[in-house]
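Welcome! Please have a first look around, and then read on.

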Amino acid sequence: MRRLGDDLRGFWERFRACFRTRTRDTSEHAYWYWRGQLTMEDGRNFANIERRLHGGDGQALQQFMSDSPWPKQAVCDQVQAEIAAHPALQHGGVLILDESSDKTAGEESAGAGRQHNGRLGKVELSVTTVGLTYAHPATGTWVLIDGELFLPEQWFSAAYAERRHAVGLPAERAFASKPELGLQMIRRAQARGVPFELAACDDLYGRNRAFRAGLDAAQLQYAAEIPSDTQVYLQCPKVGVPRRRHTHGKPPTRLRVRSRHVPHEVRALARSGLTTWERVAVRHTERGELIADFAVRPVWTLTATMQVRREWLVTRRDDDGRLTFVVLNAPETTPVQTLIERSCWRYFTERTYQD
């Protein structure tokens, strides 16, 4: 307990360079903000933190968070650098994509728009951030290492020109979907040397075939949830350009499945007699041991450009009958137990957002 104050000071020393420019040093405000978040039981807003801990009225902290020129990415880069340098985190890490939405009262906030708010479970006027979590299950480590504000497409229209200027949106910023933002952050972490074995995500990202293909092209393994109506093949289909059947008209140029293999919805597969279930204990949780029925099988899917890809399909059936479907691009020799464990790693992003 006696060391906690010194630990906080040391933490601040490691990060204070992120809040300096050539002409200004706002790192002191970062220290008071962190200290308020960690030591105050309630009322942790700018005014209360500064009033209780520093004798101010909150304007300095508000200015620090709203208008100071320090870049968010510098803080994320420092977090990632510390992970990359930690000896215990060199193997067994996972990156997890998820989003967090906050309801907003007006449309003037950057990125505000009517969009699905996961916290409320409905479409609402909200601001959404795509976040990237690093988790290391073996050591019980999880931390948010990157994030990007999602800007709905209308924010780049001519009608929003004044609004973009008012919130200080960089001129080079262009529209990017949530999967595109997620792929950018994962590649950024890869380039900075963050050690991880795979990327995990929910079905918002997993349903995007270009996102999965992008991870595959970067030689990254993934465990991606997919919707229940996703179609897969149980045998490798043959894809090609159909033969020309008539002498008149243009010849076929688009790729098609030419074999007689038919696709199956993963939901229908789970409810058919083609699926064999196994009862597996995955890990300990706060409410006891996580035990569920799992089925693992190889499947073949098609990319948006009609390329055939082999993936593992892991289906989970909870005691209440809820089904979850995860596809992985792990090697063919990967043990079934490993596939099952990795299909459940997305759990750690919830702990990150709680913290």
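Let us begin with Tyr31, which is buried, at a relative accessible area of 9%. Please keep in mind that you are looking at a predicted model. From this residue we move on to aromatic rings, then to a strand and a helix, and finally to a cavity.

**Aromatic rings**

- Tyr31 forms an aromatic pair with Trp32, and the pair is edge-to-face, with 5.5 Å from centre to centre and 75° between the planes.
- Trp32 also counts as buried, with a relative accessibility of 14%.
- Another pair brings together Trp142 and Phe348: the ring centres are 5.8 Å apart and the planes lie at 40°, so this pair is tilted.
- Distant parts of the chain are linked by that pair, since Trp142 sits in strand β4 (residues 141-150) and Phe348 in helix α12 (residues 347-354), 206 residues apart.
- Trp142 is partly exposed, at 23% relative accessibility, whereas Phe348 is buried, at a relative accessible area of 8%.
- One aromatic cluster is made up of Phe11, Phe15, Phe19, Trp34, Phe64 and Trp70.
- In total, the structure holds 16 aromatic pairs.

**Strand β6 and its partners**

- Strand β6 covers residues 221-225, and four of its five residues are buried, so the rest of the structure largely encloses this strand.
- On the parallel side of the story, β6 pairs with strand β5 (residues 198-201) over four bridges.

**Helix α11**

- Helix α11 spans residues 336-343, and its buried residues are Leu339, Ile340, Arg342 and Ser343.
- Viewed down the axis of α11, these buried residues fall within an arc of 165°, so they line one face of the helix.

**The cavity**

- How many cavities of 30 Å³ or more does the structure hold? There is one.
- The largest cavity contains about 40 Å³ of space.
- Its lining consists of Ala200, Cys201, Ala223, Ala224, Glu225, Val326, Arg342, Ser343, Trp345 and Arg346.
- β5, β6 and α11 each provide at least two residues of this lining, and β6 gives the most, with three residues.
- By type, the lining residues of the largest cavity divide into six nonpolar, one polar and three charged.

Notes:
Residues numbered from 1 in each chain as written. Predicted model: local features only at pLDDT ≥ 70, side-chain atom pairs only at ≥ 80, totals over all residues. Heavy atoms only, no water. Buried < 20%, exposed > 50% of the residue type's maximum accessible area, 1.4 Å probe, protein only. Pairing = 2+ DSSP bridges. Arc of directions from axis to C-beta. 1 Å grid on protein atoms, 1.4 Å probe; cavity = no way out; pocket = protein on both sides within 12 Å on 5 of 7 lines; lining within 4 Å. Points joined across faces, edges and corners; volume = space filled by probe spheres on them. Nonpolar A, V, L, I, M, F, W, Y, C, P; charged D, E, K, R; others polar. Phe/Tyr/Trp six-rings, centres within 6.5 Å; stacked < 30°, edge-to-face > 60°.
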